[in-house]
Amino acid sequence: MATIKLLFLDIGGVLLSDGWNHTARMQAVEKFGLEPIQFQKDHAVAFPLFENGKLSLDQYLDSVIFNIDCPFSKEEFKQFMFSKSEQLPHFLPWLIEWKKKNNIKIFSINNEGKEFNDYRIKKFGLHECFDAFISSCEVGFSKPDPSIFKLALGIAQEEPQNCLYFDDRAIHVAIAKQMGFNAHVHKSFEQSKLILESINKS
């Protein structure tokens, strides 16, 4: 492996749970009595716009949930959504200590709506780990669009062969590999930890 100068990392599915995934949405269907088929159809249309910063969270909810009268408040629904974010075991505290011992910066490349992104960064203290966040809501496009990887390299001013990248989705890793990243599917903390411990530090 080439000398690694920068670590790019996905957040949801690697350090934290996915913020608003299929499981969380099905829990919302049950808790709030949503009509599941229409909810999923509307979500599929509106969520990419939210994730890419084209809709705010309020606009997403007005389009998908509160386009009809509901017996619950928007604030109640938001709190439920945010409550689905959890820190996954082990990786984040270990990574913070690893970073202190190694002269390697860590940037995110993550797909996230702005309100979720801001909440999760603050809630889980991600500034302690990351030097910069390349988030879909801020840049206007999301993985697996190669544009977000090109932008990340431009911001970092680094060659892809000098970058390590972890993501829990194989399609994102495949695109990153096509662009020259040392990219790996994150399957477990233990496996990713071994890769990080083995890199050739300059």
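Good morning. What we have here is a predicted model, in which local features need pLDDT of at least 70 and side-chain atom pairs count only at pLDDT 80 or more, whereas totals for chains, interfaces and linings use all residues. Residues are numbered from 1 along each chain as its sequence is written, and side-chain values use heavy atoms, with hydrogens and water left out.

I begin with the open spaces. A pocket, on a 1 Å grid over the protein atoms alone, is an open set of points with protein on both sides within 12 Å along at least five of seven lines; a cavity is a set of points where a 1.4 Å probe fits but cannot get out, and lining residues have an atom within 4 Å of a point. Grid points are joined across faces, edges and corners, and a volume is the space filled by probe spheres set on the points.

The largest pocket holds about 440 Å³ of space. Its lining has 20 residues, and D18, E51, N111, R169 and H172 lie nearest the centre.

What is the lining of the largest pocket made of, by class? There are four nonpolar, seven polar and nine charged residues. Here Ala, Val, Leu, Ile, Met, Phe, Trp, Tyr, Cys and Pro count as nonpolar, Asp, Glu, Lys and Arg as charged, and the others, Gly among them, as polar.

The second largest pocket has a volume of about 200 Å³. Among its 15 lining residues, L34, E35, V64, I65 and I68 lie nearest the centre. Helix α2 provides the largest share of this lining, three residues. By class, the lining of the second largest pocket has nine nonpolar, three polar and three charged residues.

There is also one cavity of 30 Å³ or more, and the largest cavity has a volume of about 30 Å³. Its lining consists of I11, L16, N110, E112, N117, R120, I121 and L126. Helix α6 (residues 114-123) gives the most to that lining, with three residues.

I turn now to the aromatic residues. Rings of Phe, Tyr and Trp (its six-membered ring) pair if their centres lie within 6.5 Å; planes under 30 degrees apart count as stacked, over 60 as edge-to-face and the rest as tilted. The whole structure contains 24 such aromatic pairs. In one of them, the rings of F91 and W94 have centres 6.3 Å apart and planes at 40 degrees, so this pair is tilted. F91 and W94 are three residues apart in helix α5 (residues 91-101), and therefore about one helical turn separates them.

How do the rings of W94 and F189 meet? Their centres are 6.0 Å apart and their planes stand at 75 degrees, so the pair is edge-to-face. Because W94 lies in helix α5 and F189 in helix α10 (residues 189-198), the pair ties together parts that are 95 residues apart in sequence. Buried means under 20% relative accessible area, exposed over 50%, and partly exposed in between (1.4 Å probe, protein chains only). W94, at 18% relative accessibility, counts as buried, and F189, at 15%, is buried as well.

Elsewhere, W20, F32, F66, F72, F77 and F80 form one aromatic cluster.

Next comes the nonpolar core, a set of buried Ala, Val, Leu, Ile, Met, Phe, Trp, Tyr and Cys residues joined through side-chain atoms within 4.5 Å. The largest such core has 26 residues, and L7, L15, L95, W98 and L196 have the most contacts inside it. β1 (6-9), α5, β4 (163-167) and α10 each supply at least two residues of this core, and α5 gives the most, with six. In soluble globular proteins, nonpolar side chains tend to be buried together.

Finally, the backbone. The peptide bond from K143 to P144 is cis, with omega near 10 degrees, and P144 is placed in the loop between α7 (136-139) and α8 (146-156). H90, in the loop between α4 (74-83) and α5, has a positive phi, near 80 degrees, although H90 is not glycine. Q157 lies in the loop between α8 and β4, and its phi is near 55 degrees, again a positive value in a residue other than glycine. Is Q157 buried or exposed? At 67% relative accessibility, Q157 counts as exposed. Thank you for your attention.

How values were computed: Helices (H or I, at least four residues) and strands (E, at least two) are DSSP runs, numbered from the N terminus.
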